[in-house]
Amino acid sequence: MKTYCSTFATIGLCLGLLLQVLASPLKDLKVSGDTKWLLHLDLESFFSTRIGRFVNETLIASQKEQIQTDLKRDFDFDLDWKQIHSITAFGSDYQSQPDTAAVLLLQTGGALQAEFHQLLESKIDTGFGPLEILPIKSQIEHLYSIGGELYIALEPEGRFLLGKSRKQIEAAQQLLAKSQTRALEAEAFTHYPDLPNTIIFLAVADGLGELASVPPQARILQMSNGGRLAVCETDKSVLLQVELRTKDKKTSQQIHSVVQGMLSLVLLSNADERLTELAQAIEVSSGEAMVTLKLELPLERAMETLKRFSP
């Protein structure tokens, strides 16, 4: 049982390290109109960038190879990573109960989905080791339960929906099928400035003030109404940009002061040369209802910095 569980745990870890729907670009992503938060990684765009290629070849190649080996050994399944085009996690609230859990959406190639579907069907009687595979009767044509704790829905055009709640998976499927709301049009995604076209990673959250408990070092988030973090690569630079939406100019100025103070502490501590260098490069600005933190590095310098942080 330990082997099978560790295989699925490793897959989850690698997906987290890599941490999307039609054709992968964000502009084509459909979500529920009441989406509160979203994490989005366009793998095709990511691995086409210099940063992405470096991360792939240096940081996660061994994990990907190990997962391929484990899946082949345990399930006789050949995983082609190139067929996983994008990964998106989203939810309509910040609760942790199973009936309000997040949904993970994978956009893959049709061939990979067909092969995985065949694998699931072949394991209905035997299961994945101790993990029982059950087909679920639902309005979703292909819905399965794995070990009674994970639900997987196979959707048209290579889409997978994964979650711990059947109710949530079915609700997400209905919303995605009917909704015409693009991610960039959802309420949580509006009111932010435009970004360069090559968006590698995007995290957006609305209603951050609703968070009941956050780590002390992150309590500044409770002063904002929402936030966005984006990582982009252009021909000449890498951009990491954080925007925090606020209710008014006074709150923006307060957050601005707190952030500047935190950066000053990093600079004064001289504890880590690499962190000091990054802190010096961060620009902080504020407006009527927005605070922006911007770190833009020339591509070559960003590559050198990343290498220094790599094992």
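## Basis and ring pairs

Rings of Phe, Tyr and Trp (its six-membered ring) are taken to pair if their centres lie within 6.5 Å, and planes under 30 degrees apart count as stacked, over 60 as edge-to-face and the rest as tilted. By this rule there are 3 aromatic pairs. The model is predicted, so that local features need pLDDT of at least 70 and side-chain atom pairs count only at pLDDT 80 or more, while totals for chains, interfaces and linings use all residues. Residues are numbered from 1 along each chain as its sequence is written, and side-chain values use heavy atoms, with hydrogens and water left out.

## The phenylalanine cluster

Phe-77 and Phe-116 pair edge-to-face, with 5.9 Å centre to centre and 80 degrees between the planes. This pair links distant parts of the chain, 39 residues apart, with Phe-77 in the loop between helix 3 (50–75) and strand 2 (84–91) and Phe-116 in helix 4 (residues 110–122); helices (H or I, at least four residues) and strands (E, at least two) are DSSP runs, numbered from the N terminus.

Phe-116 also pairs edge-to-face with Phe-160, at 5.8 Å centre to centre and 70 degrees between the planes. Here helix 4 is linked to strand 7 (residues 159–163), which holds Phe-160, across 44 residues. Phe-77, Phe-116 and Phe-160 form one aromatic cluster.

## Burial

Buried means under 20% relative accessible area, exposed over 50% and partly exposed in between (1.4 Å probe, protein chains only). Phe-116 counts as buried because its relative accessibility is 17%, and Phe-160 is buried with a relative accessible area of 6%. Phe-77 is buried as well.

## A charge over a ring

Lys-64 lies over the face of Phe-47, at 5.0 Å from the ring centre, where the rule asks for NZ of Lys or CZ of Arg within 6 Å of the ring centre and within 35 degrees of the ring normal.
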